[in-house]
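Please keep the sequence and the model in view while reading.

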Amino acid sequence: MIYFVIDSIQSYVFHKAENIRSLDFIDNSLDSSFSEKNSSHYFSNDEVKAGINKLGINNFENVFFTKCITSKMLPKEYIKLSIIFIIFLSVCIFSNKEIITLVFQSALPFTIILQTFKLYKLNSKVKSVFDNYKLIFKSVNEENIIQNIINNIIIYEKNLSWAGILLDSKMFNKMNAELSLEWEKIKQKHCKV
């Protein structure tokens, strides 16, 4: 029961944070003022002129960080899933409880299975969006660039919303400096800045 309460709170916090992040993303990219307060140094693309190109480059950066952090989160999720699954099987095999108890006990492992699956799918979809961005910015046709940037943003945001997974902030803080340096190399190689 406690797990489900925590999961519900996490879901609420995720959606609230995502609303703030998306407004900040639009403000930074298009020089608008939708957000009450904008972040400082969240994006590293200040040299890019506000517009659709910056929108795409900022989203490319978000996608890169999400891809890297979810990749690092997956092994931990697999371990957690394995431990819960072993405990669940042990209780099922060695317990003389009634079927109703078994049904309630199965909710936690299935929830963790679902969360692990969502993280895996999010990581997989984000990798695909990341690869698309590498192709988009190599395109010569400006019209196709704009359409593809907008399509990629929609795909990325839709997958974030579907998964509803908070990225591990400790992992983000630990990896931020290294990923920021790597992002600068990716930006120089793939983006028209």
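His41 is found in the loop between helix 1 and helix 2. The model is a predicted one, and the points below concern this loop residue, Asp31 in that loop between helix 1 and helix 2, and Asp27 in helix 1.

- Most residues other than glycine have a negative phi.
- His41, although not a glycine, has a positive phi of about 65°.
- The relative accessible area of His41 is 74%, so this residue counts as exposed, the cut-off being over 50%.
- Asp31 is likewise not a glycine, yet its phi is positive, at about 55°.
- Asp31 belongs to the loop between helix 1 and helix 2, the latter spanning residues 52-94.
- With a relative accessible area of 65%, Asp31 is exposed.

- Asp27 is part of helix 1, which covers residues 2-30.
- Asp27 is buried and has no salt bridge.
- Lys54 provides the nearest side chain of opposite charge, and it is 11 Å away from Asp27; a salt bridge would require the charged atoms to be within 4 Å.

**Surroundings of Asp27**

- The side chain of Asp27 reaches the backbone nitrogen of Ser35 at 2.8 Å.
- Leaving aside residues up to four places away in sequence, Asp27 touches Ser32, Ser33, Phe34, Ser35 and Asn38.

How values were computed: Residues numbered from 1 in each chain as written. Predicted model: local features only at pLDDT ≥ 70, side-chain atom pairs only at ≥ 80, totals over all residues. Heavy atoms only, no water. Helix = DSSP H or I, 4+ residues; strand = E, 2+ residues; numbered from the N terminus. Buried < 20%, exposed > 50% of the residue type's maximum accessible area, 1.4 Å probe, protein only. Lys, Arg positive; Asp, Glu negative; His and termini not counted. Polar contact = N/O pair within 3.5 Å; in protein donor to acceptor, adjacent residues only side chain to side chain. Contact = heavy atoms within 4.5 Å.
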